[in-house]
Amino acid sequence: MQGQPKPAFYAAVVLVIAALVGFAVWRADIFAPAAKKPDVGGKIDPKELPANLEHPDPGPVLMAKEYKFRPRQERLPDPAGVGAYAPLDKNDNTVRFALNVWAGWGPIILANNGFKPEHVWKTPEGKEFKVELVVIDDPVKMRDAYAAGQVHIGWGTLDMLPLFMGGFVDAQGKPRDARIMPRVFQQIDWSNGGDGIVVRESIKTVADLRGKKLVLAQNSPSHYFALNMLVSGGVQPAEVEFVFTEDAFQAALAFNTQKDIAGCVSWAPDIYNLEKVKGNRMLVNTAQANKLITDIWFSRADFARDEPGIIEALVRGIFNAMSDLKQETKKKELAELMAKGYNIPATDALGMQGDAHSTNWAENSQFFLNQNNPTNFERVWNQSYYLYRRIGSIGHQPVAFDRVMDPSVLEKLGKEEKYSSQKDEYKVQLTPKTVSEIRSAEKEILTNTIVVKFFPNSWDLHKKVVHKVDGKDVEELYDPTVDLTLEEVAKLSGQFGAAQIVIEGHTDSSMRGQAPENLVKELSRNRANAIKEALVRKYKELDPNRFAVDGVGWDKPADPADPDNHFKNRRVEIKVYSAEQQ
């Protein structure tokens, strides 16, 4: 019929429609990720974007390992033989308790009503004893007095104890004399601003210390603090020139007089006096890294075996004094006792009390017993061994943390309402902020790059893939080490308990010019958010308000000189910012 389209016209229309449908499908594949891959239940996998934002490189499957706790008798066997410590005075059973000049020992000083053995203590069984607080500021001299049995109780920061172990164990980590092996029963405090790094104004972040001089006391809490900050900031210890002094006070003096030294690691009041000098600034202190340096006391194994009642009484007395110190009158009373024992002005002693946060039973329980706590005993212990072995300060095989940590008294006290009702009082509440608010108002301390092996185009941290093993299909995690990586991030985040943290996601640039840039940034942001959600879900101690996430996409390659290294660029960076205003 006239006016009716010819067959060729129909064919052309069909081709146009097919082209339009194909284009629509392509657009849906790019801009509607929800229409991509259904799972076995027919629902959409929310953790994947279109499979054309990054190069589809599956990569190898890695290995994972879990830690298993050992029975108590295997961990902490009673030593054989007669105790090798100085016997208690038969008249008043005086225990010699070593400590140093530090605010954290306030509770034992208050509980003992001073340093002299005058206050009468009682064990749970009613046995009376007294305590002499012996000031031994030099940790090496203290260790030697402890090993010789001249003091029954030793002091230390937990990070120092692995250094001491070299005098107690052989090269294989086996005890030379089981009687002097330390037993840690109680955490006393977290350093709360008392330790820090003061630098010249030109040093803006930890990374700027690379190639510079850093002065500090070797094998001390200052040394541990410095090593942690450097490694966390991506700086190898060998990249910094360490200048070692006899003690932290000498380190402060050297920094003040030698202008070629870029930074000083010391403690209060010196760090605050140095900070006031024109041209200097505080890079970081334990007001931000408030769960890094912790003080503990430890007993000889033979003394703990022979006098369990005294050990329990000391733990109870210290905890009770921590509660008493919430009263202003008790703080002033303590200042007078510290002034007399430490030979310092009472006003200074009162001001020192803010440099440490006393850890109550609930916080001790978190430290000793909570395996998911990112800043617990085990992680501090292992980190200390890792850092000091890395620089050659420890030659023996590491001693397992559970051969030293003894939570038996804490567990017993946890059955009493007086202690079990206590709450964790060391949680800093921060107002949630956006990335731009943090970057504009606060100073960056360090950047830590972590490698999570993300499946291309995905932000699923626990993505599973199928691969061949002996000809059979085996399903395994794409990155089985992801939980270990998350633990490292949690540990870093936990150490900086009073700082803001930006989690910055990145992608590779393999599809630059082909994939939409806005979706690539969305992918990188989703990766950062996946890290945040995993952290706060597993580690309940981490406050989600401290974290802000950002998606950078491919804009900031890990190495600008090698932008095509896709594995290196598919990463997440953790940036720590000081919560203090500039």
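The largest cavity is lined by Gln187, Trp190, Lys291, Thr359, Glu363, Gln366, Phe367, Asn373, Thr375, Asp424, Tyr426 and Glu541. This is a predicted model, where local features need pLDDT of at least 70, side-chain atom pairs count only at pLDDT 80 or more, and totals for chains, interfaces and linings use all residues. Residues are numbered from 1 along each chain as its sequence is written, and side-chain values use heavy atoms, with hydrogens and water left out.

**Cavities**
- On a 1 Å grid over the protein atoms alone, a cavity is a set of points where a 1.4 Å probe fits but cannot get out, while a pocket is an open set with protein on both sides within 12 Å along at least five of seven lines; lining residues have an atom within 4 Å of a point.
- That rule gives 3 cavities of 30 Å³ or more, and the largest cavity has a volume of about 80 Å³ (the space filled by probe spheres set on the points, with grid points joined across faces, edges and corners).
- Helix α13 (361–369) and strand β5 (182–191) each supply at least two residues of that cavity's lining (helices are DSSP runs of H or I, at least four residues, and strands are E, at least two, numbered from the N terminus).
- The largest share, 3 residues, comes from α13.
- By class, the lining of the largest cavity has 3 nonpolar, 5 polar and 4 charged residues (Ala, Val, Leu, Ile, Met, Phe, Trp, Tyr, Cys and Pro count as nonpolar, Asp, Glu, Lys and Arg as charged, and the others, Gly among them, as polar).

**Largest pocket**
- The volume of the largest pocket is about 1,200 Å³.
- Of its 40 lining residues, Arg379, Leu484, Glu487, Glu488 and Lys491 lie nearest the centre.
- α6, α14, β13 (442–450) and α18 (482–495) are the elements giving two or more residues to this lining, and α18 has the largest share with 9.

**Second largest pocket**
- About 1,000 Å³ of space lies here, with 36 lining residues, of which Asn100, Asp137, Ala248, Phe249 and Trp267 lie nearest the centre.
- α12 gives the most to this lining, with 4 residues.

**Helices α6 and α14**
- The axes of α6 (residues 221–232) and α14 (residues 377–390) come within 10 Å and cross at roughly 85 degrees (axes are lines fitted to C-alpha atoms, for helices over the stretch in contact, and angles run from 0 to 180 degrees between N-to-C directions).
- α6 and α14 are therefore roughly perpendicular to each other (65 to 115 degrees).

How values were computed:
Parallel < 35°, antiparallel > 145°, perpendicular 65-115°, else oblique.
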